[in-house]
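Hello,

Here is the structure you asked for. Please look through it first, then read my notes below.

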Protein chains: 2
Amino acid sequence: MLNRVRSAVAHLVSSGGAPPPRPKSPDLPNAPSPQTAAPPEAPRSPPATAGSGSAAPAKTVEARASFSRPTFLQLSPGGLRRADDHAGRAVQSPPDTGRRLPWSTGYAEVINAGKSRHNEDQACCEVVYVEGRRSVSGAPREPSQGQSCWSSQKEVTHESLVVGAIENAFQFMDEQMARERRGHQVEGGCCALVVVYLLGKVYVANAGDSRAIIVRNGEIIPMSREFTPETERQRLQLLGFLKPELLGGEFTHLEFPRRIQPKELGQRMLYRDQNMTGWAYKKIELEDLRFPLVCGEGKKARVMATIGVTRGLGDHNLKVCSSTLPIKPFLSCFPEVRVYDLTQYEHCPDDVLVLGTDGLWDVTSDCEVAATVDRVLSAYEPNDPSRYTALAQALVLGARGTPRDRGWRLPNNKLGSGDDISVFVIPLGGPGSYS
Amino acid sequence: MLNRVRSAVAHLVSSGGAPPPRPKSPDLPNAPSPQTAAPPEAPRSPPATAGSGSAAPAKTVEARASFSRPTFLQLSPGGLRRADDHAGRAVQSPPDTGRRLPWSTGYAEVINAGKSRHNEDQACCEVVYVEGRRSVSGAPREPSQGQSCWSSQKEVTHESLVVGAIENAFQFMDEQMARERRGHQVEGGCCALVVVYLLGKVYVANAGDSRAIIVRNGEIIPMSREFTPETERQRLQLLGFLKPELLGGEFTHLEFPRRIQPKELGQRMLYRDQNMTGWAYKKIELEDLRFPLVCGEGKKARVMATIGVTRGLGDHNLKVCSSTLPIKPFLSCFPEVRVYDLTQYEHCPDDVLVLGTDGLWDVTSDCEVAATVDRVLSAYEPNDPSRYTALAQALVLGARGTPRDRGWRLPNNKLGSGDDISVFVIPLGGPGSYS
């Protein structure tokens, strides 16, 4: 699956210029540019097929659906068994002796404490070469097309083409998973967090509950946001309001501060509609007694009492609990893409982009990550390329904790994460620069 | 109409506690609190009725629909004629001799240069006393109701109740205008910008193309944002995507960088869908040849080739140009409400909240307003209450310009605003404090 995301992004980015650069379309790169995609992902339900898309060599879906870990871990059959051991929960990283990840990127992962058979996080990190299509001496491809008809054309920046390519890649992936579900009865879905570096800019695309932050000179710069029933309340309510058939007469798109009792009919109650950020009062009517589309708070917030994450790929078959209503329209495959311009700041070797799956962020705050960045990196020479792997390992260990009192415990005796945990640490000004 | 906005806000804020404060609802104000609403508004089409809602003394719609200027201008019949003179365009302010606006708020306005018969901006500024409903010694009103059933109740802050009351006030106003349209054949619509001060916080609600900024120690703090086909593209596209019947088979919800020619069918073209912030390529299909839902750029951007503002009250009868399709669902009555906590900063007499209708902002940037704030206020003693009126007049004059070369010209010889212009200047730390 990761290959498909990566291929789709690479394909779209490379073919972004397929129709030739228009006279008013600025700065489409005609020269090839290095690019990387580094997505960790955390399937929510049984993992969908892992495999490559149409751009990759053909394998059967069945073969690709078998359990595997990232190839860059170079795990032997014995190593694979250890990585799959829920009791030991050994932290895995690429071997010191092997080839490093691009730009000395650090990576570490650990399996869950038994909540699912396999580690359902997946990751890849690669340099992709994009073949540009050179036009002769920069002239437009369609010389017969006069300038006049472009006069009212909107300006499309190179950056927005990359963002659009990534957005479309997510949608294509989602559609491909729908096709494979029909063809092979492969089910499930996943979140995805993708980083693309291209022409001096870092693009971070997130759909789900993974998170990316930049730690720069100790400062935290969020590069993604969480998509939950609470953060996406208004989008979900609007969908339920405009398409009431999606609620099947069982749910109300209105939000109330608590569940309404039938005996309260006719009384006044606080509510929020899809257009509101505040609360106001309304008289309780019969349909307000339906179950709320969005209910619960924090980690317990759910859409139609079913899902707690509102962006992700796949899950086309997912139904509302004890119902035949589909969840999918409320679960959107579109990512939010944030752009970080590397050229706007002089980065030092301690400036990093940290990507983590929910297993990390469930028990670790942004500030704790920044403190670990400072602590670990200051213990290594700035030009030691192993420092980013050490940092990724420290972050995974800090979230996993150690076995004590019949569980995995953090130093403060709170429970560590029993989930799969995967962390990338990408240096922004480290020994392998992006030039 | 302004009275109705104000009444609705005041009514809702005052009755916000009508069902008693719940045990977990924090800090509902039981004591009366002063509150002000200061909305300028700029009708886009012939003005809807000006008049009061159900909470105000009954007048006939016809009487209220007649032309008038804000009562605080205390205009004589002769003054009213001068205010209505498109050739002289005399700047109007409350008389120096009369009662000042609350907190020495400054106000100035000028009529348009002939684009419509009357000044279609309207304004009011008042202190409203909200009568709280005291509960006996703070006990909940429904003592029979146990605490247990509230255990999962969402926390509703006092601030979000005020925001919700304002949001609902806009919706109620919109519904009332729909009723009056049916009952009295009164048509039209307007934008609205409302400021409410309550319990140390300033609430700024905007639906339309007016704008509010705070100028604090020379720094500009935007207190509203513009609602145009461009800033609301994704909301409009989503509506067209989910409710294609609103597009009547005449429009496509997709955006393209330019109008597509029929001969381009089957070629690839950049597009944006409702979920996208970037651009990607698609093959042109037959329905892509339809007219785009959102088209044009900047001041010329339009929804269905008809409206350039996407939030406002009324206009329930407005149809798409040469069509029977209603515009209304794309034109939303809901404001965005921003909250500014006055207690978080020690304000000086030069810190002001500036409200202006589109006539001001069409030709004046935020920075130019900030420069005028500095220039005018520094010429007056800090405790001179007339300084805010002088500032409002300077802003209106600066946007109107002077008659020269057969038009109203600014000092840089560019055209001044030929539109109605209205400006409030509300001091945040001036002689009349909010305590």
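A search of the whole structure finds 38 salt bridges over all chains. A salt bridge here is a side-chain nitrogen of Lys or Arg within 4 Å of a carboxyl oxygen of Asp or Glu. Side chains of opposite charge can pair when their charged atoms come close.

A word on the source. This is a predicted model, where local features need pLDDT of at least 70, side-chain atom pairs count only at pLDDT 80 or more, and totals for chains, interfaces and linings use all residues. Residues are numbered from 1 along each chain as its sequence is written, chains are lettered from A and ligands numbered from 1 in the order in which they are written, and side-chain values use heavy atoms, with hydrogens and water left out.

Start with chain A. A:Glu159 and A:Lys201 form a salt bridge through their side chains, at 2.8 Å from N to O. A:Glu159 sits in helix 4 (residues 158–184) and A:Lys201 in strand 8 (residues 201–207), so the pair ties together parts that are 42 residues apart in sequence. Helices (H or I, at least four residues) and strands (E, at least two) are DSSP runs, numbered from the N terminus. A:Glu159 is partly exposed, at 28% relative accessible area. A:Lys201 is partly exposed too, at 22%. The cut-offs: buried is under 20% relative accessible area, exposed is over 50%, and partly exposed is in between (1.4 Å probe, protein chains only).

Now chain B. B:Lys201 and B:Glu159 meet in a salt bridge at 2.7 Å, N to O. B:Lys201 is in strand 8 of chain B and B:Glu159 in helix 4 of chain B, so this pair ties together parts that are 42 residues apart in sequence. B:Lys201 is partly exposed at 21%, and B:Glu159 is partly exposed at 29%.

Which residue does B:Arg272 meet in a salt bridge? The partner is B:Glu255, at 2.9 Å from N to O. B:Arg272 lies in the loop between strand 12 and strand 13 of chain B, and B:Glu255 in the loop between strand 11 and strand 12, so the pair ties together parts that are 17 residues apart in sequence. Salt bridges that share partners join A:Lys154, B:Arg233, B:Glu255 and B:Arg272 into one network. B:Arg272 is buried at 14% relative accessibility, and B:Glu255 is buried at 2%.

Last, chain A as a whole. Chain A has eight helices and 22 strands. Of its 435 residues, 56% are buried.

Best wishes
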